[in-house]
Amino acid sequence: MPEIKLSTSFLRDVFQLSKEVQKETFDFIDKITNNHPSKIPGLNYEKMQSTSSGLSIYSARINDKYRALIHEENKELHLLKIANHDPIYDSTRKIDALSIMKTNNISISTKSAKDLGKLFAGISNKEFEKLGIKSDKELKTIRSINTDAEYYKLKEAKVFPEIVFDNLDLVLAELSVNELVSDYRNRYKKAMAMLMENVIEPALKHPDLDPEIKSHVQSTKERLKKKESLEEIIFFYNDALDAKTGKAIVEEFRKRGLHAFEDYKDEILKIARGF
């Protein structure tokens, strides 16, 4: 049976939820205490990603709305965070969106270093105290860290007790997931805005474009707005370009000096790759 470790951030999340969801969460914890989540039907236990801190993050279903973020190490399950399904799936979607680009044999550049100074600056002294860092000297030491290298150097030197570094590792894992979700959303918004501002809206406002074509463009706009990931956007405009109607519309766009999806294909791929 796995050993369950609850982080302070996980407990904070629990007690911000309704009483009903709190009960579901503790029921979930009871289940994974007696059996590994991968062996329990309905939990949909799946690996999300490996963070820059080297921790593998998994997610498991609590209910239809919430999932738990879990770091698994040996027989220990570290419960990091409770989050709404959408942000968790957003982070998974980002990985999917990047993976479909690999067929181009283009290396995906990833951010390997973190500005830990800024990350630790967002943690209060009281929060650090909960993590085991209590004296002014310890706080000064941890707030002097700016890079991953400095952090791991302190860890190797065992400047703090092992439990403190365990707690800090969990914090960094949580921050890595949050950064991933935030970064994904920014890329998604940028790609969507590019297509709306440069393709959809100019076509809808063009005085000489046939009303029937405008109707198709309006329909495309509504369908595009329902896409929730970079991957879905990419597949959507690829299908649009391959379709017979799509090709006819592009031809009409060209006659009137309007831009089409294919004009921004490379830009969208760059956004997905993080360039």
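Which residues form one aromatic cluster? I looked this up in the predicted model and found that Y151, Y152, F160 and F165 make up the cluster.

**Entry 1: aromatic pairs.** I first recalled how such contacts are described. A pair of aromatic rings is characterised by the distance of the centres and the angle of the planes. I then took the count for the model, which comes to 5 aromatic pairs. I recorded F15 and F26 as an aromatic pair with a tilted arrangement, at 6.4 Å centre to centre and 55° between the planes. This pair links distant parts of the chain. I located F15 in the loop between α1 (8-14) and α2 (19-34), and F26 in helix α2, 11 residues apart.

**Entry 2: accessibility of F15 and F26.** I checked the relative accessibility of both residues. F15 counts as exposed because its value is 53%, with the limit for exposed set at over 50%. F26 has 33% and therefore counts as partly exposed.

**Entry 3: F160 and F165.** F160 and F165 form a tilted aromatic pair, with 5.6 Å centre to centre and 50° between the planes. Where I had noted F15 as exposed, I noted F160 as buried, and F165 is buried as well.

**Entry 4: surface patch.** Together with L6 and L11, F15 and F26 make a nonpolar surface patch of about 340 Å². I noted again that F26, a member of this patch, has its place in helix α2.

How values were computed:
Residues are numbered from 1 along each chain as its sequence is written. This is a predicted model: local features need pLDDT of at least 70, side-chain atom pairs count only at pLDDT 80 or more; totals for chains, interfaces and linings use all residues. Side-chain values use heavy atoms; hydrogens and water are left out. Rings of Phe, Tyr and Trp (its six-membered ring) pair if their centres lie within 6.5 Å; planes under 30 degrees apart count as stacked, over 60 as edge-to-face and the rest as tilted. Helices (H or I, at least four residues) and strands (E, at least two) are DSSP runs, numbered from the N terminus. Buried means under 20% relative accessible area, exposed over 50%, partly exposed in between (1.4 Å probe, protein chains only). Patches are made of residues with over 30% relative accessible area and no salt bridge: like charges are joined within 9 Å, nonpolar side chains (Val, Leu, Ile, Met, Phe, Trp, Tyr) within 5 Å. Accessible areas come from the Shrake-Rupley method with a 1.4 Å probe; for residues, only the protein chains shown count as cover. A salt bridge is a side-chain nitrogen of Lys or Arg within 4 Å of a carboxyl oxygen of Asp or Glu.
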